[in-house]
Amino acid sequence: MTDFDAPSSTLPWSEADEIISLYEDARLIGCSAALGRKYQIAASLQATIWDVYPELLGSRHKLAVESVLATGLPRSIDIPGSSGTSRKLFIFRAERGLGIFETSEAMARPHAPNSESEERVLLLHQATHDVLTGLPNRRQFSEDLCGDLPVLQGANRLALMQIDLDDFKPVNDTLGHAAGDLVLQGTAKRLQTLLGDGELAYRLAGDEFAVIQRGGVQPAEAEGLADLIVNAFKEPLTVDGIDVFVGTSIGIAIAPEDGNDGEQLMKAADIALYAAKNEGRGRARTFNRSMLIMLEQREMLRRSLRVALQEQQFFIEYQPMAESGSIVGFEALLRWQHPFAGIIPPSMFIPMAEADGLMGEIGEWVLEQACRQAVTWPAHFTVAVNLSPAEFLRKGLIDRVAQILDSAGLPPEHLELEITESVLLERTTNNLDTLHTLEVLGVRISLDDFGTRYSSLAYLKNFPFDTIKIDRYFIKDVETDVKSQTIVHSIIALAHGLGMRVTAEGVENAHQAAWLRKRGCDRLQGNLLSTPMSAESIQNFLLISSLAIQ
C-alpha cells in the first residue's frame with residue numbers, strides 16, 4: 001500500500017510517521033506509509049477496518065464507530081496494549097466514509113492532552129462539519145460537489161437534491177429555538193437513516209439540507225429516494241414529548257444533463273425546489289427546462305411590476321353587490337394590463353407585489369381611485385376595497401385612509417375595507433387597535449373569505465366586523481351539497497347572532513340566490529348580477545340593469 005494520496009483541502013497530512021487510514025463501507029481505501037509499515041494487512045486489497053483494528057469489533061467500540069457514521073461527531077477510543085502503552089484512535093467522518101488517526105500514549109499518562117496532529121484532525125472536522133447536526137457543512141458540500149463534477153454521460157450520473165423543511169419557522173416561533181435545534185438534529189438523523197451507499201447528506205444553512213447521490217444514478221432512482229424522504233417526513237418528530245410535523249420540499253437536478261458544474265447544478269435544483277413549493281410543498285420535483293422558462297417569465301413579470309404603477313398599467317374593475325333586489329355598491333378589483341403579456345391574474349402578481357414590498361404603494365393607489373369613483377355613484381352606495389396584509393401592517397394606515405377620504409370627498413361610512421383572517425395572525429393587539437380606530441373613523445370593516453383560512457371565533461368575539469363575506473367555495477354547490485348548505489347556514493346564523501351582516505360571493509345563478517335569500521343572506525355578489533366592469537360602464541349598467549334574482 002502506498003502513501004495515502006488525498007487533496008490537501010481534505011486531508012492535510014503528509015508526514016510519513018503519522019498513522020492515518022481511510023475507509024469506505026468499512027473497506028480500506030487509503031492509508032499513510034506509516035500505517036502500511038505497522039499493519040501488514042494494509043497491503044491487502046481486501047483489508048477492512050476490522051482487519052486493521054480487530055479491537056473495534058467489541059460491542060462498545062463498534063457502537064462508537066457507528067455513532068461517528070450516524071452523527072458525524074468524532075470520537076476517541078483508547079485501546080490498551082502490552083508493555084505499558086496504549087493506542088488512541090481518533091475516529092472521524094471523512095468525505096467517503098471514516099478516517100482513523102492513531103497515536104501511542106504511555107499508560108502512565110492516560111489523560112494526556114491530544115497530540116498536535118489529533119488537534120488538527122479535530123479542527124479540520126469542525127471546519128467542515130455542522131456543529132449542531134454533525135452533518136458536513138456548506139463548505140464541505142461545495143468541495144464535494146466540485147470534486148465530483150464534471151461527470152461523463154451515462155453510468156457516471158450524479159444527483160443533487162436541495163431539501164427545505166416546510167414548517168420549521170412555526171416551530172421556532174411557538175416552541176422556541178431550543179426545540180428548533182432538536183428538530184434540526186432529528187432531521188439530520190432521519191435523513192441519514194434513509195441514505196445508502198454513495199449517498200451523503202449535508203446541512204447548508206438554517207433548515208436547508210442537501211443530498212448528493214453518486215455512482216451512476218438514474219433519474220428514477222433519485223426520484224425514488226426523494227419520495228422516500230418526503231414520505232418519511234410526513235411522520236412527526238418528537239420534541240420533549242410533543243409531536244412536531246415538518247414536511248419537506250425537494251428539488252432534484254441530475255448531472256450532466258441539468259448542469260455539469262456546481263453552480264449550474266445548484267441553480268437547477270433550486271428551480272426544481274421552487275416548483276415543488278409553488279405546487280403546494282411536501283413533494284419532490286425534478287428539474288426540467290419548462291421550469292426554467294416559467295421562472296424566467298415570473299422574473300420578467302416581477303421586474304415589470306416595479307414600473308407598472310408609474311406607466312399606468314393598472315386599472316380597476318367593479319363588481320356590483322345587491323341587497324333586497326337593489327344594487328347597493330361595488331367591490332373594486334385590481335387588474336394589471338401588461339404591455340406584452342396581456343391581463344395578468346391578481347392571484348399571480350399580488351403575492352409578488354407583497355413579497356417585494358410594492359403592495360403598500362399599489363394599494364394606496366387602488367384606494368384613492370376607488371374612493372374618487374364612488375363619489376360619482378348614488379349617495380347610498382358603498383365601495384369595497386381589499387386590504388392586503390402588507391398594506392394593513394404598513395405604518396400610517398389610518399392617516400392614509402383619512403387623507404384619501406378627505407381628498408376624494410367620500411363619507412367614511414361609504415367605504416368598506418375588506419381584510420382576510422391572515423391579517424390578524426401577527427401582532428394581534430396592534431391589529432385590533434387599528435381596526436377599532438378605523439371603526440371610530442366611520443369606515444366599515446368586512447372579514448373576507450370567511451371559512452377558507454383559520455376561521456377563529458376569537459376574531460369575531462374581539463372585533464365587531466360590519467360584514468362577513470362567505471367565500472365562493474361554499475356557494476358554488478350550495479343548492480345541492482348538504483355540507484355546504486350546513487356551513488353556509490351556520491355562518492349566516494353566527495353572523496346575525498353577533499349583529500353582523502353577511503355577503504355571499506360567487507353567486508352564479510338564480511337558484512343559488514333564492515336559496516341564500518331564503519336563509520337570510522343580506523347581500524349577494526357574483527356573475528348573476530354582473531361580471532366585473534370598467535368605471536365607465538357603471539352608469540349605463542345602473543340605467544339598464546334588471547336584476548334576475550326574484
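User: What makes R157 and Q218 a polar contact?

Analyst: Their side chains come together at 3.1 Å. A polar contact is a pair of N or O atoms within 3.5 Å, where within protein one must be able to donate a hydrogen and the other to accept it, and residues adjacent in sequence count only if both atoms are side-chain atoms. R157 also has a polar contact of 2.4 Å with the side chain of E257. Bear in mind that this is a predicted model, where local features need pLDDT of at least 70, side-chain atom pairs count only at pLDDT 80 or more, and totals for chains, interfaces and linings use all residues. Residues are numbered from 1 along each chain as its sequence is written, and side-chain values use heavy atoms, with hydrogens and water left out.

User: Why is R157 called buried?

Analyst: Its relative accessibility is 14%, so R157 counts as buried. The scale goes like this: under 20% relative accessible area is buried, over 50% exposed, and in between partly exposed (1.4 Å probe, protein chains only). R157 sits in the loop between α5 (138-148) and β6 (158-165); helices (H or I, at least four residues) and strands (E, at least two) are DSSP runs, numbered from the N terminus.

User: How many aromatic pairs are there?

Analyst: Twelve. Rings of Phe, Tyr and Trp (its six-membered ring) pair if their centres lie within 6.5 Å; planes under 30 degrees apart are stacked, over 60 edge-to-face, and the rest tilted.

User: Why is the pair F314 and F349 called tilted?

Analyst: The centres are 5.8 Å apart and the planes stand at 40°, so the pair is tilted. The pair links distant parts of the chain, with F314 in strand β13 (residues 314-323) and F349 in helix α11 (residues 346-355), 35 residues apart. Both F314 and F349 are buried.

User: And what makes Y318 and W377 edge-to-face?

Analyst: Here the planes are at 90° with centres 5.6 Å apart, so edge-to-face it is. Y318 is in strand β13, while W377 is in the loop between α12 (359-374) and β16 (382-386), 59 residues away. Y318 is buried at 2%, and W377 counts as buried at 5%. Ring pairs join Y318 and W377 with F330, F381 and F541 in a cluster.

User: Why does S484 count as buried?

Analyst: Its relative accessibility is 7%, so S484 counts as buried. S484 belongs to helix α18 (residues 482-497), and its side chain makes a polar contact of 2.8 Å with the side chain of D477.
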